[in-house]
Amino acid sequence: MKKILFIVVVPVLAFLLSCAPVKKQSKELPRVAICGLAIESSTFSPAQSGVEAFRTRRGDEVFTYYPFLSPDSVDRNRALWFPALRGHAIPGGIVTREAYESLVNETLEMLKKNLPYDGIFFDIHGAMSVVGLDDPEGDFIIRIREVVGWETVISTSMDLHGNVSWRLAENTDLITCYRLAPHEDALESKQRALENLLDRLESGKGKPAYKAWIPVPILLPGEKTSTRIEPGKSLYAKVAPVAARDGITDAAIWIGYAWADEPRNQGVVMVTGDDKDVVTCGAEELATAFWKVRDEFEFVAPVAPLNECLDMAVSATEHPFIISDMGDNPTAGGAGDVTWTLTEILARPEFKTEKGPSLIYASIPGPDFVEKAVEAGVGGKVTGFAGAAVDARFAPPVHLTGVVKAIEYGDEAAETEVVVQVGSVKVIVTKNRKPYHYEKDFTRLGLNPRETDIVVVKIGYLVPELYDMRAGWIMAQTPGGVDQDLERLGYKRINRPMYPLDKDMADPDLKARLVPVSAGK
Ligand SMILES: [Zn+2]
């Protein structure tokens, strides 16, 4: 009996098991690659960004950048993944041609290994400048097309401060950007770009039939276009309802990037989908809404020359009073080592002794100074120069003499950080430049910004943690590679007329241009 059972059951089981994988294979998962480079780089700064400026992830490490692609996530199980190379950098100066070529070529080589692809998640910022090359993201996507072909559906995810050239629009199929500034929705936007791609692949709909592109001749600094305040708040609130309409896949408004000088630097609206009328109307509605509020954009906080800012800070009764040293904001593309502001602060009589108002200055890079501080040790006295190694146009390296208050090692960006007290000013000096955005950036150095009278940060609009901490806030009109006074930059190549540089310009043509569906030439 047992033997008979064995003879009958085993072959049946074997037959069933051999069928199971066949059944699974009949619903094949799409093959999706991931790649992209993200940096915003100012061409109005003497700084240059090399390959080391990028934090690069390769292969499976790319997944660690996307929580929505963790191993047990729903999206992770919707495709066969081929992560190639994904790099992002702290904004900075123009990217060297060598760095760009090496990162792009490495990406292309990795993509060649797993051809063909049904889809590519192209995750970029959109405001990269490269020495001797216009529209790098447009160049990059064409070179990807030359490797993967024109059948592959590419979904591009961007920062709203990126630029969308016609050729980027032409070579991508899906495209979107953030809807909040500060970018609290960055991951949500990337996930939307990825899920739109997966949805189109799974449903077999593939490339959307229509892509409407409208350049809006407005160029504004990010510090005037926060979505926390009007008119950015209401303008960006219009995007999601348009994107939700039947026949539309996604909709987006790009503010663009003001510190580079190419024809692509301007505002853009794009809407993608399958219903021509709904797509074009949606895009025209958003472009018209953007143009209509063009003269309502103001700085997100009061703005004043530095000395006035310091006067206000010194006499303020509530603390901390935060000052944005915004002309050299490294998170927008400044060199981050302009010493002008710190030099001015140290020259003020109020801060000359320890009894003066407490002030934290975050931060100035100075590798030699850091070395000396490490030698002196905590509690030791140190003297030396810091800053202005890259951008010395406004002030020379600043001379600092004081007591070392803290030394910290191991920060991903700064590597080594020291705090030196000069009079009543605690200056953070770093080996490499680093933006100070989080409370823990300060507390790990033994600093308590909440109980400090004045905090000066190289930043434009405040990131959420600092914003919530502030008792007072003013943005100082300081010089640097991302000078907020665009009139002083001296553009030569952007399209003209451009609002607000050409204040009295006539209304532009805001009719939707339909971009051809991506296809080989
Ligand atoms: Zn941005």
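Me: Two strands count as paired if DSSP finds at least two bridges between them. How do you know that strand E16 and strand E17 pair in this predicted model?

Reply: Strand E16 (residues 381-386) and strand E17 (residues 398-411) are joined by 6 bridges. The cut-off is at least two bridges, so E16 and E17 count as a pair. The two strands run in the antiparallel sense, and Thr-383 stands opposite Thr-401 in E17.

Me: What makes E17 and strand E18 a pair?

Reply: E17 and strand E18 (residues 415-422) share 7 bridges and run antiparallel. Because at least two bridges are required, E17 and E18 also count as paired. Within this pair, Ile-407 stands opposite Val-418 in E18. E17 and E18 form a hairpin, with 3 residues between them.

Me: Which atoms coordinate the zinc ion?

Reply: The zinc ion is coordinated by two OD atoms of Asp-159, by ND1 of His-161 and by NE2 of His-183, at 2.1 to 2.5 Å. Each of these atoms counts as a donor because the limit is 2.8 Å from the metal.

Me: Why is the site of the zinc ion called irregular?

Reply: The angles among the 4 donor atoms run from 54 to 143 degrees. A tetrahedral site needs all angles between 85 and 135 degrees, so this site does not count as tetrahedral.

Me: What do Asp-159 and His-183 tie together?

Reply: Asp-159 lies in the loop between strand E8 (153-158) and helix H4 (166-171), whereas His-183 lies in the loop between strand E9 (174-177) and helix H5 (186-203), so the pair ties together parts that are 24 residues apart in sequence.

Me: Is Asp-159 buried or exposed, and what of His-183 and Glu-28?

Reply: Asp-159 has a relative accessible area of 5%; buried means under 20%, so Asp-159 is buried. His-183 has 25%, which lies between 20% and 50%, so His-183 is partly exposed. Glu-28, in the loop between helix H1 (2-26) and strand E1 (31-38), has 67%; this is over 50%, so Glu-28 is exposed.

Me: What makes the protein chain as compact as a globular protein of its length?

Reply: The chain contains 13 helices and 22 strands. Its radius of gyration is 26 Å, close to the 24 Å that the globule rule gives for 521 residues, so the chain is as compact as a globular protein of that length.

Terms used. Residues are numbered from 1 along each chain as its sequence is written. This is a predicted model: local features need pLDDT of at least 70, side-chain atom pairs count only at pLDDT 80 or more; totals for chains, interfaces and linings use all residues. Side-chain values use heavy atoms; hydrogens and water are left out. Donors are N, O and S atoms within 2.8 Å of the metal (3.2 Å for Na, K and Ca); water is not among the atoms, so sites may look incomplete. Four donors count as tetrahedral if all angles lie between 85 and 135 degrees; four count as square planar and six as octahedral if opposite donors are over 155 degrees apart and all others between 65 and 115; anything else is irregular. Helices (H or I, at least four residues) and strands (E, at least two) are DSSP runs, numbered from the N terminus. Buried means under 20% relative accessible area, exposed over 50%, partly exposed in between (1.4 Å probe, protein chains only). The radius of gyration is taken over C-alpha atoms; the globule rule is 2.2 Å times the number of residues to the power 0.38.
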